[in-house]
Structures are given as structure tokens and as C-alpha cells.
Amino acid sequence: METVAEPNAVVSVDLGVSGMTCASCVGRVERALQRVPGVQSVSVNLATESARVLGQPPTDDAPAAWQARLQRAVRDAGYEPRAMEAVETPSLPPLFGVPRDFWPVLWGILLTLPLAGPMVGDLFGQHWMLPALWQFVLATPVQFILGARFYRAGWHAIKARSGNMELLVAMGTSAAWGLSTWLWWRAEPGEMVHLYYEASAMIITLVLLGKWLEARAKRQTTEAIRALQALRPEVAHLLPDGRLRDTVQDVPVSELLPDDVVLVKAGERLPADGRVVQGQSAVDESMLTGEPMPVAKAPGDTVTGGSLNGDGVLHVQVVAVGTQSVLSRIIALVQDAQAAKPPVQRLVDRVAAVFVPLVLLVAIATFVAWWAWQGVALEEAVLHAVAVLVIACPCALGLATPTAIMAGTGVAARHGILIKDAAVLEQAQRVDVVAFDKTGTLTEGRPRLVSLMVEPGVDERQVLQVAAALQRQSEHPLARAVVEALDAPPEAWLTAESVQAVPGHGTQGQVQGTRMWLGSVRWMTDMGVDLAPLSTQVQALQAQGQTVSVLATGDGPVHALALMGFADEPKPHAQQALTDLRAQGYRLCMISGDNRGAAEAMARRLGLRPEDDEVLADVLPADKAARVMALKASGQRVTMVGDGVNDAPALAAADVSIAMSHAQGGSDVAMHAAGITLMRGDPLLVGAALDIARRTMSKIRQNLFWAFVYNTAGIPLAALGYLSPVVAGAAMALSSVSVVTNALWLKRWQPPGQSRR
């Protein structure tokens, strides 16, 4: 069991639940957990056999005691609570070449085949009926030894005044076995009587086979999680003093601490997130970001734990370990998405709550109708009721949604798309508008200083020194461009004092005792700076698509000292990504803090249409959320795509939010605010994320449709006598397998446009 807690915060508890088989089981476990004091919400996942509980332990309960109450509630409901680690326990090696979990199925097949033989013989006019004693000897161990699991689970359901799949199977097969035994007991010596032992044995064997196939398919839906977990190396080569010595100390990765320096040999996986301090290599990050090409790494570059080192040897200073690492956060995001339920699942839960009791009533009505009203023999009426009980098991209903979510979010994670919340899947299919932040999302986010205009008599070099001193401590892209433009030795740098960043506007401070301002044209105008003499130059730079900043000075009246023009480049696939989204019917919009001239110039390079209101310019960071809300107020559903801290409010305001990581590391704030995170800064992934969300919801709808159709059509057919118990058992097993198999088709998904990369 895993617990995540913070002081005065809601506690999140994950625990494994063994023994669930159908949607009714899910409902019973959820109801049992919700009755525990302090529980606020419960989500139980049949496919992962897990439960997530959110709540606050009562003040008189220690967290450990509260967790014990949760486990006790699961056990009292008839299921086995397990630690989450046990859910992922590797299976035991095969026994005599046969998987251990297949042995019950194999024994069932071996014992049932002699009973099924006469059915085959009848097709060829042969009568191979075994003596009643032999039928009894073969069917009884199948019924009561291999089928014991159905009796145990059914008894727990009865005690909980509920129903589940096992109860239906136990009642149906017991009726067939009991009827056969009764007919054999009352028959005259030497009398040939038709028995139904083969029906009870075949039903149990087919159900066991179906559950085995279902479990095997479900394991494939969790491959993404297991593959990510396998990226964690167990041992790190620690350099105790940070330098390579004759002996390198091998330590468990769990013992690494921030600032440790580790040696990463060629072909090894990086043990933790860190920064390269020595060496050069190419690192394969495909399992984390979906980027197929190795990324060159040199001193100063960041690396991610779990990525694969190439041919070089690296010395890496550890930055983050444990749950703070990127890999751990990715795994947590995927697990959260797979544990959550989309709103459509609520309908399934409501249906499942009344399904089994309703089926029992239908089975009783079927028996009465055939025996009392139609006047058929008792055994025939029993068999029709048995067919109703067997075919009605709601296994497919319970698996329809979680298997599709697990497969969809798993394949998305493999391609660098992390879906944080299952509810996003439903919202994404209804999106009308895709709004993009400009810098770092559609553009490279690495603007360069391309124009510098200064007053006559002012030294350009000195202007750069002053501007760089103001921007030296800032992480803003324009600030980095200024610092990079001053290519000078350390002694040439000036020192700024009382530096203050004004969000959305610029920076102010003192350099060599003089008050300086560096920021947007809009900010300077608001401060009363006279820019009229420079208006022609400003307009000319903006017409070229440059973002213009003004360096101003003055202890009294402030006057402009220089103009700086910055230019950014579109990302390689940005134009194609926008074209693809437009072709799919989305309305596009770019939100930028740049002036309208610069924003529209970049928009046209990207293929956007300013004349169609596809550009929102001069938008301050604090106003981005308001612009998103305005789009929503017009009746449109909005996806917001951003990458920076200042995008977080807009991401939170959107119907669907997509945070884009990039070469500079992305923003944790944006990632936490977003429902979908892209692990690399490729705009093509935006369309891919919306596509996999649509396809996953399509699989959920298909699965639910066939699960409902299967039961609504199967129960009447069984009640009317068109299905034998054996056929009903086979159909029931097939329904669960077909739902899981249909979900697994998502594993073949490839991001649209990948061939163009």
C-alpha cells in the first residue's frame, strides 16, 4: 500500500485489491471503502486490481490506523487487500513448461474433454455417453475444487447482501450439477437418463479459460508502466570525492543524494536526474520523451534518470532523486490517469449496482415461466434459468473503460504524451479551439538580439553592458538573448543593484549609480517616456516581426537610450502542426505578449490568419487566462497549449490544457496545471495528443456498446431457450476477452505526422 500525505492535506492511499472479477465487485469495494470514516472519494479499477482512496483520517485516528481500517473494509467486503508492490509481483516460473496460473485451466480441460466427447460424437451419429458414475467422478472435482473460487466469492457477496459474477456462475453450475445428481439418484437401475454434468464442467472450464485470457491481455495493458519502471537502474557508480579514482563505489540508486557525482559508462542508463560536469555523449531519451534521435550532451547540459547513455563516459552531478525525479513523476502521472475514472464510467457503476439482483429475478422468472406456464420438464426449465445466470455476468462492463484507458494512456506515454486525468479524454473530443502560447511553444523560445539602435554619441558596447547587467539574473528568453549578445570576459561585466523584475513589462535597477529601465514599448509609454522620435524605427522593427524592447535612463524625466530588436524562429514542425489541426476542423488561435506587428508577422510565417482573429497580441501574462475565459464564454471549448510559468493560469482556465516541455526543461508549474503534458517540444504532438484522446474515448464507447448489447441481447435469448448453458458460458467468457482485445488495438497507435519528423 502506498500513501501520499502532506501536513493538513488530504491523504491519498493506493492499495491493491485481489479477487475482483466484474463491475459489481468494483461497486461493492467502493461502497465498503466509502463507509470508512474520513473517506471523501474512492476510485476502484478492475483492470489494475487497485483502489485509490482520498480523505482525511479522523483526528482520533493515526494515519496507519486509518489505513488499517481501509484494509479491513476491503477484507470484510470479501476481497483481499494487498500492498501495491504485490500487484506488480513477477509471476512464478512455469511448472513443467506450463504457466502456473494456467494449471487450473489445464486440469479443467483434461477433466471436461471426456464429458464433452459425446457431444462431438452426436454430430457423427455416434453415442459415446459415459456411465453416470464416470460423469459424476469427472465433473465433481471441476465443480467443487476448480470451482471453489466461485463459491468463496459468491458467499462473500451473499454476506454483503450483494451479487457478483462468481455468485451467478456458482448458482448456475450448481443447479446443473445438482439437477444431474438428482436425476441420476432417482433413475431406475439400468435406466438411461440424460445428465448435464458436461454443462456444469464446461461452464466452469470456459469461465476459467476466459479469465486466464483476460488476465493475460490485461497484463499487456500495463506494459507501459512496467517498461517505465524497468528504466530504473539498480546500481550507481558513485565518485565519493567527485573525481574519478582507481576505485569507484557502487551503491544502490536509492542511496544517492543531491550533489553526488556519479560515473555513467557507455551503454548504461543514467541513475538519476542531473547535470553533466564532465564528458560528452549522445543520450537516448526515447522511452521518456518519444524522441527517436539521441540528444547530444556536454558539460552543463541536464540529463534525465532512466535515459540511455551512448558511447561516451559522463560524470553527472545528481540534481533530483526518488519521487522528485522526472521518471518518477512520469510514472506517477501515468498511474494516476490509469487509476482515475472518466465521467462515462459513472453510468456503468450505476447499472452494475442493480445488475446482478435484476439477473437473479430474471432467472427465477425464466424458470417459473418455462416450468409452470409452458409445462416443460423440470430439468429443461432449470437449464434455461442456468443459461440466464451464466450469460449475464457483467465482466465486460467492468473492463470496458479501464482497459481502454490503460492501453491509451500507456501508448501515449511511450510517445512522450502524458495524460494526467482520465476526464481529459472526454473533454478533448469536444474541443473547438486550440489556443497556443507563442514563445517556446510555436517558436524555439530562444530569441536572438538582431537589432540595436542607440542615440547618437552613445556607445553600443556600453549599452549592451548595461542591459546585460540588468538581465543577468533573469531567466526570461529575452533576458538570455541580451546576456548571450554580450560576448565579453568576466572583467567587462557591469554590476546592477536594486534589480527588480516587473512581470509582463521588463526590469529596472541601478547600474553604476544610474537608474535604468529595460522593457516593452507599452511599459515605456505607460511610464510617460517620449517615444515619438523613435516611432518610425519601432514600427520598422515590428514590421519585420521583431519584438522591441526599450532601454531607458534618467533620475528625473526618463528618456529612451536605445532600441533592441529580438527575433525568434518557428519550430521546425510548427506550421505543419497548425495545418494538420486546421484540416481536422479546429479553430486556431495564438496568444502573445508581443506587440501586434511582431505577433502578426510571426503568425503569417506559421500559416495563421490574423484577419480571421487567429492572433491575440499585447496580452500580458496575467491576462492570458481572461482571454481563454472569453473564448469559452462565446460557447467554444478551448484547448490551451503553453510551456511557461506565466501560462499556468491560462492552462488552468482551459477545458483541456496541454503543457509542452522543451530543451530548456519546461516548467513544473505548467505541467502541474495541465491535463496533458508533452515531454518534448514538438508542436506535432498537440494534434497527436488530441488524436489519442479521441481514439481512447472511441474504444471506451465501442466497449461499452458491445458490453451492453451483449447482455441486453444475450439474456433474452437465454430466457427464451435459444442458448444452452454451455454456449452461454462460452459467450460470457468471450465477451470479456473481446473487450480487452479491442482495447489492446490502441497499442498499435502511432502519432499522426510521425513520418514527417
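User: Where does Asn742 lie, and is Asn742 buried or exposed?
Analyst: Helices here are DSSP runs of H or I with at least four residues, strands are runs of E with at least two, and both are numbered from the N terminus. Asn742 belongs to helix H26, residues 725-744. Buried means under 20% relative accessible area, exposed over 50%, and partly exposed in between, with a 1.4 Å probe and protein chains only. Asn742 is buried because its relative accessibility is 16%. One thing to keep in mind: this is a predicted model, where local features need pLDDT of at least 70, side-chain atom pairs count only at pLDDT 80 or more, and totals for chains, interfaces and linings use all residues. Residues are numbered from 1 along each chain as its sequence is written, and side-chain values use heavy atoms, with hydrogens and water left out.

User: Which residues is Asn742 in contact with, leaving aside its neighbours within four places in sequence?
Analyst: Contact means heavy atoms within 4.5 Å. With those neighbours set aside, Asn742 touches Lys699, Gln702 and Asn703 in this sense.

User: How do I read the order of strands in an open sheet?
Analyst: Strands of a sheet pair through backbone hydrogen bonds, either parallel or antiparallel. Two strands count as paired if DSSP finds at least two bridges between them. In this model, six strands make an open sheet ordered E7-E6-E8-E14-E9-E12, with antiparallel pairing. Strand E7 (249-252) and E12 are at the edges with a single partner strand each, so one side of each has no neighbour in the sheet.

User: How many bridges join strand E6 and strand E8?
Analyst: Three bridges link strand E6 (residues 235-239) to strand E8 (residues 261-264), in the antiparallel sense. As an example to find on screen, Leu238 has Val262 in E8 as its bridge partner.

User: Gly306 lies in a loop; is Gly306 buried or exposed?
Analyst: Gly306 sits between strand E12 (302-303) and strand E13 (308-309). Gly306 is buried, because its relative accessible area is 1%. Beyond its neighbours within four places in sequence, Gly306 is in contact with Leu231, Arg269, Leu270 and Leu327.

User: What is the phi of Ser498, and what is the phi of Asp613?
Analyst: Most residues other than glycine have a negative phi. Ser498 has a positive phi, near 55°, and is part of strand E18 (residues 496-502). Asp613 also has a positive phi, near 60°, and lies in the loop between helix H21 (596-606) and strand E24 (615-616). Ser498 is exposed at 53% relative accessibility, and Asp613 is exposed with a relative accessible area of 53%.
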